[in-house]
Amino acid sequence: MKAYYILIPILFFLSRAPEASAQEVVNPNYGLKNPRTLEIIRVQVKNDHTIIDFSLANEIEGGYFCISKNTFIEYGNGVKKKLKDLTGLPYCPETYKFSAAGEKVYFTMKFDNIPGTPEWFDIIEYAGENSLSVLAVTPGRKINERINAAFNAMDRQEPEDAIRIFSDLLPELQAKQHGLTGSVYINLTGLYSANNMNNELKNLISGFKSSPMPHKQKYMTILKNMGYW
């Protein structure tokens, strides 16, 4: 996430997407991720498979990484697509050993096709506490454009425009039970707080408490860490 109002370690919210198309999106927006330095470069949804390109930066001396075969795209009502092929990193228990802090590795995951291209999906590795995950990857052009417009407003130091865009988007995401709902709540929380909009912030937190959404517990933990619970 590129945002001046929120600084939360490990988890990032709504990564900016500079360009998107029906079958391919570069740097798609998403909700939460782990590890912190993981980035999605591109998602390609094709007729017979889905390809996701990543980068990962090493932060420590002696760092290493691998990917478990027990990794899935998950979407809809519990639909899972298992990882079929991996290039650029080894499968665990073999590891890629970084040569220095700051080194970046690029890798690609290939999954079976996702029929109909869902509005969002999760990428989840089931390999213990520090497993790779990217929640609410969003391939749609229109929603990416609107989120990017909010970030552009923040870059211009125009929080009113960013608040308007996120506020307009929030009920639409809620109605769809979209995976980015919690991320928009978090960004609005930061914007309201930074701009001393206390009544709006109080109403927003109240709305969050009563609103169903994917991955709500994770976002609740973030709000607690921010002191708003």
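Me: What is the relative accessible area of Glu24?
Reply: Glu24 counts as partly exposed, a class that lies between buried (under 20% relative accessible area) and exposed (over 50%), with a 1.4 Å probe and protein chains only. The structure is a predicted model, in which local features need pLDDT of at least 70 and side-chain atom pairs count only at pLDDT 80 or more, while totals for chains, interfaces and linings use all residues. Residues are numbered from 1 along each chain as its sequence is written, and side-chain values use heavy atoms, with hydrogens and water left out. The relative accessible area of Glu24 is 30%.

Me: Which residue forms a salt bridge with Glu24, and in which strand does that residue lie?
Reply: A salt bridge requires a side-chain nitrogen of Lys or Arg within 4 Å of a carboxyl oxygen of Asp or Glu, and the side chain of Glu24 has such a link to Arg42, at 4.0 Å from N to O. Helices (H or I, at least four residues) and strands (E, at least two) are DSSP runs, numbered from the N terminus. The link joins distant parts of the chain, since Glu24 in S2 (residues 24–26) is 18 residues from its partner. That partner is Arg42, in strand S4.

Me: How many salt bridges are there by this rule?
Reply: Among them is the one between Arg156 and Asp161, whose closest N and O atoms are 3.8 Å apart. Some salt bridges share partners, and in this way Glu24, Arg42 and Asp53 are joined into one network. By this rule, the count of salt bridges is 10.

Me: Which helix holds Glu172, the partner of Arg146?
Reply: The side chains of Arg146 and Glu172 meet in a salt bridge at 2.8 Å, N to O. Arg146 lies in helix H1 (residues 141–155), 26 residues from its partner. Glu172 sits in helix H2.

Me: How many bridges join S5 to S10?
Reply: Strands pair here if DSSP finds at least two bridges between them, and S5 (residues 49–57) pairs with S4 in the antiparallel sense over 7 bridges, the two forming a hairpin with 3 residues between them. Strand S5 is mostly covered, with 8 of its 9 residues buried. S5 and S10 run antiparallel, and the number of bridges that join them is 9.

Me: With which residue does the side chain of Asn29 make a polar contact?
Reply: Asn29 lies in the loop between S2 and strand S3 and is buried, at 0% relative accessible area. A polar contact is a pair of N or O atoms within 3.5 Å; within protein, one must be able to donate a hydrogen and the other to accept it, and residues adjacent in sequence count only if both atoms are side-chain atoms. At 2.4 Å, the side chain of Asn29 makes such a contact with the side chain of Asn144.

Me: What is the mean pLDDT of the protein?
Reply: The pLDDT is the predictor's confidence in each residue, from 0 to 100, and 90% of the residues reach 70 or more. Over residues 1–12, however, the pLDDT is below 50, although this stretch has 41 contacts in the model beyond near neighbours in sequence. For the protein, the mean pLDDT is 90.

Key. Contact means heavy atoms within 4.5 Å.
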